[in-house]
Amino acid sequence: MTKPEPDVLSLIKNRHCCRKFLPFEVPDEHVEKILDAGRSSCSALNLQPIVFYACKDRNKTVELGRRIEKIGLEQMPDMFSVTPDCGQLEKIFYGAPLCIHFAVRKDGYFTRYIDCGIAVSSVLLVAESLGYSTCPVALGKLFGDQMVCEAFGIPEDQDYSLTVCIGQCSPEYIKADSDRRDDNIIIVE
Ligand SMILES: Cc1cc2nc3c(=O)[nH]c(=O)nc-3n(C[C@H](O)[C@H](O)[C@H](O)COP(=O)(O)O)c2cc1C
């Protein structure tokens, strides 16, 4: 018997970040589905201000991640001490076999970063539904904005905003605590 597809709420509740990936490639068919989820997401006025830079070159990802991590360690060593150490190749993109770098057109509407968040969410959920693990990453922007733009030819009129790392999670990954708060819903009757 085939396993039933998880419903969307279960996907949201059960997903957690992975910060150490196995080296297996994500097949093109899945890369296309994941990117299609991002591209198909809604945006204010349907302006579609996001450009998706998908990198399947793991060597390039690791090399870039190492360079950015070095700068991060110089500037904010504490930032990395919170990530459980489980022999990652680097602690920016975690050696992910697929990285999707999200860039936002700078001249867009004021909602463009909200549009980006919605596209990120779609990508996370479709990747998870295909059996992959994910991690959204802002540290690439914080410590290596220019390096990422140069590495992928992101032009001046686009703002590199976030990377989503995707792949199969290594069994060596030590899951971080990620309880959700329960005091932030107000129902007005
Ligand atoms: C916008 C955004 C940026 C994030 N940036 C990073 C990052 O740079 N590095 C990292 O390891 N995790 C990053 N995360 C992952 C969060 O730390 C993680 O989602 C949170 O701790 C909850 O854990 P969970 O996703 O496992 O439930 C980011 C998440 C979001 C939504």
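I take helices (H or I, at least four residues) and strands (E, at least two) as DSSP runs, numbered from the N terminus.

**Basis.** I worked on a predicted model, in which local features need pLDDT of at least 70, side-chain atom pairs count only at pLDDT 80 or more, and totals for chains, interfaces and linings use all residues. Residues are numbered from 1 along each chain as its sequence is written.

**Ligand shell.** I found the ligand surrounded by His16, Cys17, Arg19, Thr83, Cys135, Pro136, Val137, Ala138, Leu139, Leu162 and Ser178. Strand 3 contributes the most to this shell, with 3 residues. By class, I noted 7 nonpolar, 3 polar and 1 charged; Ala, Val, Leu, Ile, Met, Phe, Trp, Tyr, Cys and Pro count as nonpolar, Asp, Glu, Lys and Arg as charged, and the others, Gly among them, as polar.

**Strand pairing.** I required at least two DSSP bridges between two strands to call them paired. Strand 3 and strand 4 are antiparallel, with 5 bridges; Pro136 has Val164 of strand 4 as its bridge partner. Strand 2 and strand 4 also run antiparallel, joined by 8 bridges, and there I recorded Gln158 in strand 4 as the partner of Arg105.

I called a residue buried if 20 or more other C-beta atoms lie within 10 Å of its own, exposed if 12 or fewer, and partly exposed in between, with C-beta atoms placed from the backbone. A nonpolar core is a set of buried Ala, Val, Leu, Ile, Met, Phe, Trp, Tyr and Cys residues joined through C-beta atoms within 7 Å. The largest one has 36 residues, of which Ala96, Phe102, Val120, Val123, Val164, Cys165 and Ile166 touch the most other members. Elements giving two or more residues to this core include strand 2 (98-105), helix 5 (112-129) and strand 4 (158-167). Helix 5 supplies the largest share, 7 residues.

I then examined Phe102, taking contact as C-beta atoms, placed from the backbone, within 7 Å. Leaving out residues up to four places away in sequence, Phe102 touches Ile50, Phe52, Cys116, Ala119, Val120, Ser161 and Leu162.

**Glu189.** I located Glu189 in the segment after strand 4. Glu189 counts as exposed because it has 2 C-beta neighbours inside 10 Å. Its C-alpha atom is separated by 46 Å from that of Ala96, 93 residues apart along the chain.

Definitions and conventions
Contact = placed C-beta atoms within 7 Å. Near = placed C-beta within 6 Å.
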